[in-house]
Amino acid sequence: MMRSWCCIIAIFLSSSLSSGDAFILNTSCVNQSPSRCYATSLPDINYGLSDQEFHTWLQNQVQDAPGRNTYASTYEDSLTAIVNWRKRYRGNPQVWKRIFKKDRVVKELIESAPVIEFVKRAMDNQDDDEKFTIIDLCSGKGYLSMFLSEILPKEKVDKFILVDKAWAIANKKTTTELKPHHMNWDHIYGTTVNTDGEESSYFTTWPIPLYTSKQDLKDSCNQRQMTKHFFNKIDGPVIILAVHLCGTLSLKAIDMFNNNQVKLFALKPCCLPQMVYANRGDVFRIGQHEFDAKDVCSNGQYNKGNWLGPPRWHLQPRFDYWADNLFKGIDVGGSSSLEQDGSEDSGYRVSVSSHDGIKAKDDIVIQVDGGFQNTYIFAEREPVTPAIWKSSNIT
C-alpha cells in the first residue's frame, strides 16, 4: 500500500509540472509514508517550482558559498541570470538538464564572481560609445559568458566569443554535424518553437550574442589565426577573460594579452604545469619575464573529480610561486605596492602601475577546506579606469 501511495504522488506531481519540467522520484522513499516521501524528494530538486520558487531555492543553495557576502549584488544578478536560462529552455528539458547541474553551476558561479564583478565595474564606468568584445578563453560550455550576457548592458557589449578546442567548427552556410568528441552547443545554436509554432534559434534569444570558436591555445598556428581574424579585425576595445586555466594555458592567455591590443584582462590560474616541462629543462618566457619550469611544475592531476598526486596542501608554495611569475609576465611595468584587506573573503593585493596601465594580483578566498587556488590576476591598459581599481581588491 505504501508503494502505491508513492506512485500516486509521483504521478500527481509530474502531471502538475509546467512544460519542460520533470520530476525525479526519490526511489529511496518507496517504503516510507507518502508524507515522508514528498518531504525527502522536494528539497533536493528544482523541478516543478515556479520561477520565483526556483530563485528562492537557488538562494538557499549558495547562502554559505565563499564570497557570497562580498559579492552580494553579483550573486543576485547571477541567480537572476540562471532563472532566465531556465525560462529560455522551458519546453526543452534535454538542454536544461544538460546545462543545469546544480553543483557544477554553483562551482562556476563561485569561481567566476570576482571576474563578473570586475567586468561589471568596468562597464559601469565606460563612457565611450564603442562596444566591447569579450573573449572567453577555455570557455567550456560558456557559463561565464552566459552569466555576463544576462547581466551586462547590451548597449556596451557587442558580443562574446567562446574559445575552446572542444567546439566544432561553426559554419554559417551549412549545419555542422557534431562528432562524439565535440562539446554540445545546443544551448547556443539549438532551436526552439515559440507559442505561434514558429521555429527559431536560441542564438537570437541571448541579450548579448554568444559565438563559439574552435581554437587550441597551445597551437601557435591557432594563436596567429586569432590575431589575424579576431584582434586585427575587431572594432572597439577587447576584454580577455580566462577563468580556471590549467597548466601552461595561463601562459598562453598572458601572451595573448601582451601581444595584442587588449584593454582589460582577467585570469584565474588553476593547476600547475606537468613535470614534462621540468624534465626537459624548459624555461618559461612571458613578456619580459622568464623562470625555470622546474620551480613550478608538479606531478598530479584530476581524474573524474579525484585528485591523483601528492597532497594538495603540499603544492601551495609552488602554486603561489607560479602565480607570482604569471603576474610578473604581464607587460605592464612600473612601481608596485602591497595592500592588505581584512575582509572575510579577501587576503592581499599586489598592484603595479605605470604609464602603460595597471595590473593587480588578488588573493580572494573562494577555495576552502584545503583548497588554495585563490589567486586572481587583473590588468588594464591605459587609459586606466580609476573606479575599477579601488584601494582593496575586486570587492
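Visitor: What is the relative accessible area of Cys-138?
Guide: The model is predicted: local features need pLDDT of at least 70, side-chain atom pairs count only at pLDDT 80 or more, and totals for chains, interfaces and linings use all residues. Numbering starts from 1 along each chain as its sequence is written, and side-chain values use heavy atoms, with hydrogens and water left out. Buried stands for under 20% relative accessible area, exposed for over 50%, and partly exposed for what lies in between (1.4 Å probe, protein chains only). Cys-138 is partly exposed, and its relative accessible area is 24%.

Visitor: What is the phi of Cys-138?
Guide: Most residues other than glycine have a negative phi. Cys-138 sits in the loop between E1 and H7; helices (H or I, at least four residues) and strands (E, at least two) are DSSP runs, numbered from the N terminus. Although Cys-138 is not a glycine, its phi is positive, at about 50°.

Visitor: Which residues are the closest to the centre of the largest pocket?
Guide: A pocket is an open set of points on a 1 Å grid over the protein atoms alone, with protein on both sides within 12 Å along at least five of seven lines; a cavity is a set where a 1.4 Å probe fits but cannot get out, and lining residues have an atom within 4 Å of a point. Grid points are joined across faces, edges and corners, and a volume is the space filled by probe spheres set on the points. The largest pocket holds about 1000 Å³ of space. Of the 37 residues that line it, the closest to its centre are Cys-138, His-244, Leu-245, Cys-246 and Leu-249.

Visitor: Which element gives the most to the lining of the largest pocket?
Guide: This lining divides into 16 nonpolar, 12 polar and 9 charged residues, where Ala, Val, Leu, Ile, Met, Phe, Trp, Tyr, Cys and Pro count as nonpolar, Asp, Glu, Lys and Arg as charged, and the others, Gly among them, as polar. At least two residues each come from H6, strand E1 (132–137), helix H7 (143–151), strand E6 (238–245) and strand E10 (301–303). The most, with 5 residues, comes from H6.

Visitor: How many cavities of 30 Å³ or more does a search of the whole structure find?
Guide: The largest cavity holds about 100 Å³ of space. Among the 13 residues that line it, those closest to its centre are Cys-271, Leu-272, Trp-307, Leu-315 and Gln-373, and its lining divides into 8 nonpolar, 4 polar and 1 charged. The second largest cavity holds about 50 Å³. In the whole structure, the number of cavities of 30 Å³ or more is 4.

Visitor: Where does the largest share of the lining of the second largest cavity come from?
Guide: Its lining includes Leu-58, Ile-82, Phe-100, Lys-102 and Val-105. Two or more residues each come from helix H3 (51–62), helix H4 (72–88) and helix H6 (102–124). The lining has 8 nonpolar residues, no polar ones and 1 charged. The largest share, 4 residues, comes from H6.

Visitor: Which residues have the most contacts inside the largest nonpolar core?
Guide: In soluble globular proteins, nonpolar side chains tend to be buried together. A nonpolar core is a set of buried Ala, Val, Leu, Ile, Met, Phe, Trp, Tyr and Cys residues joined through side-chain atoms within 4.5 Å. The largest one has 62 residues, and those with the most contacts inside it are Ile-82, Trp-85 and Phe-147.

Visitor: Which residues does His-289 touch, not counting residues up to four places away in sequence?
Guide: His-289 lies in strand E9 (residues 289–292). With 18% relative accessibility, His-289 counts as buried. Contact means heavy atoms within 4.5 Å. Leaving out residues up to four places away in sequence, His-289 touches Phe-284, Asn-325, Lys-328 and Gly-329.

Visitor: Which peptide bond is cis, with omega near -5°?
Guide: Most peptide bonds are trans. The proline concerned, Pro-383, is in the segment after strand E15 (375–381). The cis bond, with omega near -5°, runs from Glu-382 to Pro-383.
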